[in-house]
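Here is a short briefing for a reader new to this structure. Take a look at the model before reading on.

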Amino acid sequence: MHFNGFHEIFQTIQVSALFMDINLNGAEPPFEEVYKDLFLNQKHIHQPVGQTTAVESKDLPLVDLGQLLSKNKDDIEKCKREIAEASKEWGFFQVINHGIPREILEEMTKEQKKVFNEPFKKKIRDKCMNMCLTKGTYRWGTPSAKCLTQLSWSEAFHIPLTDVSTCQTHHLTTNHLGSTVKQFATTVSELAQKLANILAENLGNTSNKEGTRVIKEICLPSTCYLRMNRYPPCPKYYDVFGLMPHTDSDFITILYQDQVGGLQLVKDGKWIQVMPNPHALIVNIGDLLQAWSNGVYKSVEHRVVANKKVERLSIAYFLCPSYDAIIQSCKEPSIYKKFSFREYRQQVQLDVSTLGYKIGLPHFLICN
């Protein structure tokens, strides 16, 4: 995302002399070759990071969004309370009967496999399947990594929704990936706005209409994006993460994942493993919603552990504002300073370039 906090970490390594002695015809990114110095340094201080602690497997809170269509007002209110409570206590929940057809989700997985199976040299040169996307959509690894704990063994296609919406119709009819992405983006955008509205309505002493208006006005389709993720099999799975620990820098993230597993999050100070649910989408709160809700809703640290033998696929939608949007706590006394999304993103970029990781919201606490 130009907008997800992790975007600044999960960047593109451009075609350069770096690859002159590497065979680029295979599909896999050359992690070990490009990051060989990090692996050599790790040998001297061997401290496994990818599987450091035993974690408990748990199911996320499950919300049936079908209740929102009920004629019974109590069912509707119960559903809304479940969404708000999970966002306060977990920062994560999963939803079923979410309105996105199963056929679209299955097609997304099928098309993702095709594009990620393209030769690496085609992916880094943005020549994959005529995706009708702007240059620089592909990224892999972590160029800012200063040690193995900061290296993510993953690759992704970052897709601004402006790319999806501006694709010409004749391109989409001949490009099944583009057509599928457009269908998915349309339906998941509606779901994200619906959830954001519910969360705004459940903030107690704020104006329901004002809260939903603010989010709707600053989070437009043109400011949001999708990211198709792939976590290749990792022979160094004890040394690296699939995706290093982080929080998201948006309002809401909606994730569709396969059944491989590997997503972990912090709950009550401990890492827990999320049990995959084939019928559910995962929703998590981002930094901006935590700040806007004055800390009521929680943006929780999460990561993906690497898998030795099996690839993992997912696609995430990020509900983001424009760079100039002002994020201001909707309750008083505010615990966060008022800031623009541009300021937030610039601070994240500065942290990543100097430290190798994101600090995020603590920079904007008034007590700081």
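This is a predicted model: local features need pLDDT of at least 70, side-chain atom pairs count only at pLDDT 80 or more; totals for chains, interfaces and linings use all residues.

Helix α3 spans residues 73-89. Its buried residues pack against several other elements, including β11 (281-285). The count of salt bridges comes to 14.

**Helix α3**

- Helix α3 has 17 residues. From the first C-alpha to the last it reaches 24 Å, close to the 24 Å expected at 1.5 Å a residue.
- Which residues of α3 are buried? They are Ile 76, Cys 79, Lys 80, Ile 83, Ala 84, Ala 86 and Ser 87.
- These residues cover an arc of only 165° around the axis, so they sit on the same side of α3.
- The face turned away from that buried side carries Asp 74 and Glu 89, which are exposed.
- What do the buried residues of α3 pack against? Their partners are the strands β2 (62-64), β3 (92-96) and β11 (281-285), together with helix α8 (176-201).

- Side chains of opposite charge can pair when their charged atoms come close.
- Lys 80 forms a salt bridge with Glu 201, and the closest N and O atoms are 3.4 Å apart.
- This pair links distant parts of the chain. Lys 80 belongs to helix α3 and Glu 201 to helix α8, 121 residues apart.
- Are the two partners buried or exposed? Lys 80 has a relative accessible area of 17%, under the 20% cut-off, and therefore counts as buried. Glu 201 has 31% and is partly exposed.

- Glu 155 forms a salt bridge with Lys 123, with the closest N and O atoms 3.0 Å apart.
- That pair also links distant parts of the chain. Glu 155 is in strand β5 (residues 155-160), while Lys 123 is in helix α5 (residues 120-124), 32 residues apart.
- Glu 155 is buried, at 0% relative accessible area. Lys 123 counts as buried at 0% relative accessibility.
- Glu 155 meets Arg 230 in a salt bridge as well, at 2.7 Å from N to O.
- Arg 230 lies in strand β6 (residues 225-231) and Glu 155 in strand β5, so this pair ties together parts that are 75 residues apart in sequence.
- Both Glu 155 and Arg 230 are buried.

**Asn 284 in strand β11**

- Asn 284 is found in strand β11. β11 is one of the elements that the buried residues of α3 pack against.
- Asn 284 is buried, with a relative accessible area of 3%.
- Along the chain, Asn 284 and Ala 86 are 198 residues apart, yet their C-alpha atoms are separated by 9.5 Å.
- Neighbours within four places in sequence aside, Asn 284 is in contact with Gly 91, Phe 92, Asp 248, Phe 251, Ile 252, Thr 253 and His 302.

**A nonpolar surface patch**

- Leu 355, Tyr 357 and Ile 359 form a nonpolar patch on the surface. Together they have about 230 Å² of accessible area.
- Tyr 357 lies in the segment after α11 (341-355).
- Tyr 357 counts as partly exposed because its relative accessibility is 38%.

Key: Residues are numbered from 1 along each chain as its sequence is written. Side-chain values use heavy atoms; hydrogens and water are left out. Patches are made of residues with over 30% relative accessible area and no salt bridge: like charges are joined within 9 Å, nonpolar side chains (Val, Leu, Ile, Met, Phe, Trp, Tyr) within 5 Å. Accessible areas come from the Shrake-Rupley method with a 1.4 Å probe; for residues, only the protein chains shown count as cover. A salt bridge is a side-chain nitrogen of Lys or Arg within 4 Å of a carboxyl oxygen of Asp or Glu. Helices (H or I, at least four residues) and strands (E, at least two) are DSSP runs, numbered from the N terminus. Buried means under 20% relative accessible area, exposed over 50%, partly exposed in between (1.4 Å probe, protein chains only). The expected span of a helix is 1.5 Å times one less than its number of residues. The arc is that of the directions from the helix axis to the C-beta atoms. Contact means heavy atoms within 4.5 Å.
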